[in-house]
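Me: I would like to learn how to read aromatic pairs and nonpolar cores in a protein model. Could you take me through them slowly?

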Amino acid sequence: RCKAIVRYGVGVDNIDLEHARKRRVYVANIPGYGTEEVSDHAAALLLSCIRRLRTRDDNLRQGRFETDIQEPIFRTTGKTLGLIGYGQIGRALHRKWKGFLPQRVLVFDPYAQPEVIGENGAETVELDTLFTESDYISLHAPLTPQTRHIINAANLGKMKPTAILVNTARGDLIDEKALAKALSEGRVAAAGLDVFEQEPLSLDHPLIRLPNVVLSGHVGWYSKDAVRELQTRGAQEIVRVLSGGVPQCWVNRW
């Protein structure tokens with residue numbers, strides 16, 4: 001007798017959309033409720049990695065007031081940002097990162113219109129180009145069979161050794177074993193991660209032991225404002241269906 005499944009969030013990879021469609025069960029999600037929060041979080045992770053804030057904080061708490069920083073730290077201005085995925089969150093991060101005066105912004109998104117990317121001051125590129133030319137890479141793609149482990153050993157090998165990777169999208173976009181190996185060997189400079197292949201993250205995970213990783217536990221979406229919007233819009237979708245209408249954000253259309 002189920003009439004609707006409303007995803008309390010954006011991703012619907014944990015719902016059998018085709019089976020729901022066959023049973024004429026509406027599936028809806030709540031896109032956009034955390035766009036500003038997740039893009040803020042991506043920027044925060046990226047800046048934390050660029051400025052090596054984890055090390056700075058640890059050193060100061062251990063009584064080391066640094067006058068000679070040994071880690072390589074570079075400025076943000078004049079660097080190249082690569083965005084894998086150019087939906088609402090990717091575009092929001094782009095809008096905010098413009099204030100750091102990047103030299104270039106590269107976008108890989110087979111579904112985004114090149115005209116929109118160009119109008120926003122970015123360049124549409126192939127994935128190999130994005131990996132080889134970006135100083136910073138931020139993931140904003142959905143999880144699909146094509147994007148699963150898009151960050152793998154081969155693609156990590158194409159990145160600059162000074163590159164920084166940020167993921168606030170889906171954990172399975174990254175082969176975490178390959179990333180941990182690249183980070184530990186210095187083939188990638190740093191990573192800022194909010195999502196993981198298995199959540200919650202186990203305390204013996206190799207990423208936890210690495211000093212060049214900033215971690216947070218899938219909280220990029222959160223703010224008091226986002227929760228209020230999420231709850232309200234989710235309830236409104238249910239009301240629409242029970243009132244004889246269709247969801248505003250109907251995912252499995254028939």
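Predicted model: local features only at pLDDT ≥ 70, side-chain atom pairs only at ≥ 80, totals over all residues.

Reply: Residues are numbered from 1 along each chain as its sequence is written, and side-chain values use heavy atoms, with hydrogens and water left out.

Me: How many aromatic pairs are there, and by what rule?

Reply: A pair of aromatic rings is described by the distance of the centres and the angle of the planes. Rings of Phe, Tyr and Trp (its six-membered ring) pair if their centres lie within 6.5 Å, and planes under 30 degrees apart count as stacked, over 60 as edge-to-face and the rest as tilted. By this rule there are 7 aromatic pairs. Trp-97 and Phe-100 form a tilted one, with 4.4 Å from centre to centre and 35° between the planes.

Me: Is Trp-97 buried or exposed?

Reply: Buried means under 20% relative accessible area, exposed over 50%, and partly exposed in between (1.4 Å probe, protein chains only). Trp-97, at 1%, is therefore buried, whereas Phe-100, at 27%, is partly exposed.

Me: What is the largest nonpolar core?

Reply: A nonpolar core is a set of buried Ala, Val, Leu, Ile, Met, Phe, Trp, Tyr and Cys residues joined through side-chain atoms within 4.5 Å. The largest has 32 residues, and Ile-84, Ile-151 and Leu-179 have the most contacts inside it.
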